[in-house]
Amino acid sequence: MVDKLISHINGICLLTEEEGEIVKELVREKNVPRKHFVHRAGEIAQYSAFVLEGCLRSYTIDQNGFEHILQFAPENWWISDMYSFVKQRPSELNIDALLDSKVLILSRDCQLHIFDRIPKLERYFRILTENALASSNHRTLDYLSLPAKVRYQKFCDLYPTLINTLPQKQIASYIGITPEFLSKLRGDKS
């Protein structure tokens with residue numbers, strides 16, 4: 001299963017066979033059953049997770065008990081609370097499995113060790129981080145300026161494999177509308 005990660009890395013920067021073996025030594029496979037947590041708010045994020053199968057999400061819960069989903073991570077996506085992971089400070093995010101999932105986890109210490117042993121992986125993670133920041137900024141602008149119908153279409157474009165997999169409540173939370181309004185949007189789309 002680690003070969004999926006190696007293939008993902010090779011899409012950005014090619015690893016030698018020896019470098020691939022180092023990566024294989026430093027990541028750990030973990031099964032995460034549906035509704036189980038990888039990480040809870042208040043804890044320090046110990047790992048970044050690469051999704052091999054299934055789907056994870058990161059979210060926060062506001063003072064009124066409403067969930068606000070920041071990210072979905074289907075297959076071949078990384079997920080973590082980057083602030084907590086990098087700064088080793090308590091997190092404000094929960095990360096759990098929406099489906100039975102299989103992930104590769106990488107601790108911060110192992111990530112730093114990989115950077116020392118395979119410097120080109122700093123480039124790999126830098127590119128991922130830049131893409132994530134750009135995507136986050138774009139999503140914020142979309143949320144502030146686009147109608148819900150367009151935000152839903154953008155969700156469909158970004159996560160085509162999740163449209164019919166996730167409950168409407170999850171999708172609605174991600175795009176910032178009620179499940180009832182999402183149902184109406186989906187009805188209009190037909």
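## A tour of pockets and rings

Start with the largest pocket, which has a volume of about 1,500 Å³. A pocket here is an open set of points on a 1 Å grid over the protein atoms alone, where a 1.4 Å probe fits, with protein on both sides within 12 Å along at least five of seven lines; lining residues have an atom within 4 Å of a point. Points are joined across faces, edges and corners, and the volume is the space filled by probe spheres set on them. Before you click on, note that this is a predicted model: local features need pLDDT of at least 70, side-chain atom pairs count only at pLDDT 80 or more, and totals for chains, interfaces and linings use all residues. Residues are numbered from 1 along each chain as its sequence is written, and side-chain values use heavy atoms, with hydrogens and water left out.

Now select Ser 58, Leu 70, Gln 71, Ser 136 and Arg 139: of the 46 lining residues, these are the closest to the pocket centre. Then colour H5, which supplies the largest share of that lining, twelve residues. (Helices are DSSP runs of H or I, at least four residues, and strands are runs of E, at least two, numbered from the N terminus.)

Next stop: the second largest pocket, at about 230 Å³. Its lining includes Arg 139, Phe 155 and Tyr 174. H5 gives the most here too, with five residues.

Stay on Arg 139: its charged end sits over the ring of Tyr 174, 3.6 Å from the centre. That label needs CZ of Arg or NZ of Lys within 6 Å of the ring centre and within 35 degrees of the ring normal.

From Phe 155, hop to Phe 72. A search of the whole structure finds eleven aromatic pairs, and this one is edge-to-face, with centres 5.9 Å apart and planes at 75°. Rings of Phe, Tyr and Trp (its six-membered ring) pair if their centres lie within 6.5 Å; planes under 30 degrees apart are stacked, over 60 edge-to-face, the rest tilted. Phe 72 sits in strand S5 (residues 67-73) and Phe 155 in helix H6 (residues 148-158), 83 residues apart. Buried or exposed? Phe 72 is buried, at 0% relative accessible area, and Phe 155 is buried at 2%. (Buried is under 20%, exposed over 50%, partly exposed in between, with a 1.4 Å probe and protein chains only.)

Last, select Phe 115 and Phe 125, edge-to-face with centres 5.8 Å apart and planes at 65°.
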